Amino acid sequence: MKHEPKQNIMRIRLERLAKTLEANHFYATVCDTAEEASEFIRKQIPSGSSVGVGGSVTLDELGLIDWLRENQEIHFIDRYRTDNVKKALRDSLSADVYLMSTNAVTMDGWLYNVDGNGNRVAALIYGPDKVYVIAGSNKVVRDLEEAKSRVEQLAAPANNARLNKDNPCVETGECMHCSRASTICNQYVLTRRSGVQGRIHVILVNEELGY
């Protein structure tokens with residue numbers, strides 16, 4: 001596949017990052033396109049599996065939510081179409097497979113996430129047998145400080161706007177470290193290593209995905 005110079009350089013970075021992630025006991029796969037990443041994920045989920053998801057623009061962009069709904073061989077715990085969201089989120093914590101993105105992944109091979117309810121980071125930490133984390137090239141940062149900056153300057157305000165939250169960052173365009181009841185920045189989780197080798201599988205995509 002022919003790449004532009006920018007994509008070639010990013011591919012080199014992603015391959016280097018994949019090796020670092022594997023040294024930290026994650027599994028890691030590099031995909032050139034969103035389509036390739038989506039196809040890869042679909043092949044990883046065995047028939048009969050229960051599947052939970054974290055709130056994620058990336059999963060929507062990959063078409064995975066629609067695919068999960070349509071796949072009759074998979075039990076999709078659909079948090080978006082239920083009369084009992086609380087139960088869906090709890091059931092997802094014991095799913096066979098959990099799909100999510102991440103707010104940032106550092107070149108040290110660490111995952112950085114900021115959550116509102118904490119269900120997404122809870123599943124990442126413990127519960128589902130297998131967790132797939134899909135990260136576009138825009139989520140790759142140099143270090144923890146850049147990860148924090150990325151969330152405060154982009155991800156948090158964008159997600160607040162997407163969720164129609166009446167929080168200060170929607171007006172200012174950056175995190176104001178508010179303490180409103182409606183804040184979605186409650187849980188700050190840094191995952192530097194997969195405690196069970198390979199339980200967390202990071203898919204790095206050489207395209208921009210999500211916020």
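Biologist: Where in the chain is His25 found?
Modeller: This is a predicted model, where local features need pLDDT of at least 70, side-chain atom pairs count only at pLDDT 80 or more, and totals for chains, interfaces and linings use all residues. Residues are numbered from 1 along each chain as its sequence is written, and side-chain values use heavy atoms, with hydrogens and water left out. Helices (H or I, at least four residues) and strands (E, at least two) are DSSP runs, numbered from the N terminus. His25 is in the loop between H1 and strand S1 (27-31).

Biologist: Is His25 buried, partly exposed or exposed?
Modeller: Buried means under 20% relative accessible area, exposed means over 50%, and partly exposed is in between (1.4 Å probe, protein chains only). His25 has 22% relative accessibility, so it counts as partly exposed.

Biologist: What is phi of His25, about?
Modeller: His25 isn't a glycine. Its phi is positive even so, at about 75 degrees.

Biologist: And His177: is that residue buried or exposed?
Modeller: His177 sits in the loop between H8 and strand S9 (187-191). Its phi is positive too, near 50 degrees, and this residue is also other than glycine. Because its relative accessibility is 53%, His177 counts as exposed.

Biologist: On to the sheet. What is the order of its six strands?
Modeller: Picture an open sheet with parallel pairing. Two strands pair if DSSP finds at least two bridges between them. The order of the six is S1-S10-S7-S4-S2-S3.

Biologist: Which strands stand at the edges of that sheet?
Modeller: Look for strands with a single partner strand. Such a strand has one partner, so one side of it is left without a neighbour in the sheet. The two at the edges are S1 and strand S3 (75-76).

Biologist: Which residue in S3 is the bridge partner of Val51?
Modeller: Strand S2 (residues 50-53) and S3 run parallel, joined by two bridges. In S3, the partner of Val51 is Phe76.

Biologist: How many bridges join S4 and strand S7?
Modeller: S4 has S2 as a partner, running parallel and joined by three bridges. S4 also pairs in the parallel sense with S7 (residues 130-136). For S4 and S7, the number of bridges is four.

Biologist: Which residue of S7 is the bridge partner of Tyr98?
Modeller: Tyr98 has its place in strand S4 (residues 97-100). Gly52 stands opposite Tyr98. In S7, the partner of Tyr98 is Val131.

Biologist: Which residue points the way Tyr98 does from S4?
Modeller: Val97 and Leu99 point one way from S4, and Tyr98 points the other way. These residues are all buried. The one that goes along with Tyr98 is Met100.

Biologist: Why does Tyr98 count as buried; what is its relative accessible area?
Modeller: Contact means heavy atoms within 4.5 Å. Leaving aside neighbours within four places in sequence, Tyr98 is in contact with a list of residues including Ser92, Asn119, Ala123, Pro128 and Tyr132. Tyr98 counts as buried because its relative accessible area is 1%.

Biologist: How far from a polar atom of the Tyr98 side chain does the backbone nitrogen of Gly54 lie?
Modeller: A polar contact is a pair of N or O atoms within 3.5 Å; within protein, one must be able to donate a hydrogen and the other to accept it, and residues adjacent in sequence count only if both atoms are side-chain atoms. The backbone oxygen of Val53 lies 3.4 Å from a polar atom of the Tyr98 side chain. For the backbone nitrogen of Gly54, that distance is 3.3 Å.

Biologist: How far apart in space are Tyr98 and Glu171?
Modeller: In sequence, Tyr98 and Glu171 are 73 residues apart. In space, going from C-alpha to C-alpha, they are apart by 33 Å.

Biologist: Last stop, Asn167. Is that residue buried or exposed?
Modeller: Asn167 is in a loop, the one between helix H7 (144-162) and helix H8 (168-172). Not counting residues up to four places away in sequence, Asn167 touches Asn160, Cys178, Arg180, Ser182, Thr183 and Ile184. Its relative accessibility is 3%, so Asn167 counts as buried.

Biologist: Which residue's side chain is joined to that of Asn167 by a polar contact?
Modeller: The contact runs from side chain to side chain, at 2.6 Å. The partner of Asn167 here is Ser182.
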